[in-house]
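Here is a friendly walk through one model, meant to be read with the coordinates open beside you. Shall we see what turns up?

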Amino acid sequence: MSANAKGKRSMWVVFALLSAVFAALTSILAKIGVDGVNSNLATAIRTVVVLVMAWGIVFVTGTVGGIGQIGARSWVFLILSGIATGLSWLCYYRALQLGEASRVAPIDKFSVVITMALAFLVLHETVTWKAVLGGLLITAGTILMIV
């Protein structure tokens, strides 16, 4: 395998780390921004910003033409994913409004363990001892941080 192919293959790690950094910033910025604002209104404002950004990227990269190639199954699951995202954001902003970001965020990140379990059950991904141990450690860490 060429160095270029290896570099592209490992880019997922870079994007995953950037995702974690931006998720952390999201928590802190949201906690500050939701102060004195209805949590549902705050979520709606955030959603508009995300919507404009996402469509802006689609137009700038010239990928808007691919919309006609999306199959019905993909539409259904993308819509369901959007609904789940919206519900997650509504709950997250309300939790941030009511609780401390340092306690809300670890519970929110418990989604990692739930995602792993669903990946094993629904997507039939391989269960490894490392994944199980990691999930147990995340669970223990989440419990430790919120008690």
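Is K109 buried, partly exposed or exposed? K109 counts as partly exposed, since its relative accessibility is 37%. Please keep in mind throughout that this is a predicted model.

## A salt bridge

K109 has a partner in D108: the two form a salt bridge, and their closest N and O atoms are 3.2 Å apart. The count of salt bridges comes to 1. D108 is partly exposed too, with a relative accessible area of 24%, a value that lies between the 20% limit for buried and the 50% limit for exposed.

## Aromatic pairs

Next, the rings. A pair of aromatic rings is described by the distance of the centres and the angle of the planes. The count of aromatic pairs here is 2. In one of them, W55 and F59, the ring centres are 6.0 Å apart and the planes meet at 40°, so the pair is tilted. Why tilted? Planes under 30 degrees apart would count as stacked and planes over 60 as edge-to-face, so an angle between those limits leaves the tilted class. W55 and F59 both sit in helix α3, residues 39-60, and because they are 4 residues apart there, about one helical turn separates them.

## The largest pocket

If you are thinking about empty space, this is the part to zoom in on. Rolling a probe the size of a water molecule over the atoms shows where empty space is left. The largest pocket holds about 760 Å³ of space. Its lining is made up of 19 residues, and those nearest the centre of the pocket are A23, T26, R46, T85 and W89. The elements giving two or more residues to this lining are α2 (11-33), α3, α4 (72-98) and α5 (101-109).

Which helix gives the largest share of the lining? That is α3, with 6 residues. By residue type, the lining of the largest pocket divides into 9 nonpolar, 7 polar and 3 charged residues. Two of the residues nearest the pocket centre, R46 and W89, also meet in another way: R46 lies over the face of W89, at 4.1 Å from the ring centre.

L41 counts as partly exposed, at 48% relative accessibility; the limit for exposed is over 50%. Along the chain, L41 and L90 are 49 residues apart, while their C-alpha atoms are separated by 9.3 Å.

## A positive phi in a loop

One backbone angle deserves a look of its own. Most residues other than glycine have a negative phi, and most peptide bonds are trans. What is phi of H124 near? It is near 60°, a positive value in a residue other than glycine. H124 lies in the loop between α6 (111-121) and α7 (129-146), and H124 is exposed, with a relative accessible area of 66%.

Methods
Residues numbered from 1 in each chain as written. Predicted model: local features only at pLDDT ≥ 70, side-chain atom pairs only at ≥ 80, totals over all residues. Heavy atoms only, no water. Phe/Tyr/Trp six-rings, centres within 6.5 Å; stacked < 30°, edge-to-face > 60°. Lys NZ or Arg CZ within 6 Å of the ring centre and 35° of its normal. 1 Å grid on protein atoms, 1.4 Å probe; cavity = no way out; pocket = protein on both sides within 12 Å on 5 of 7 lines; lining within 4 Å. Points joined across faces, edges and corners; volume = space filled by probe spheres on them. Nonpolar A, V, L, I, M, F, W, Y, C, P; charged D, E, K, R; others polar. Buried < 20%, exposed > 50% of the residue type's maximum accessible area, 1.4 Å probe, protein only. Salt bridge = Lys/Arg side-chain N within 4 Å of Asp/Glu carboxyl O.
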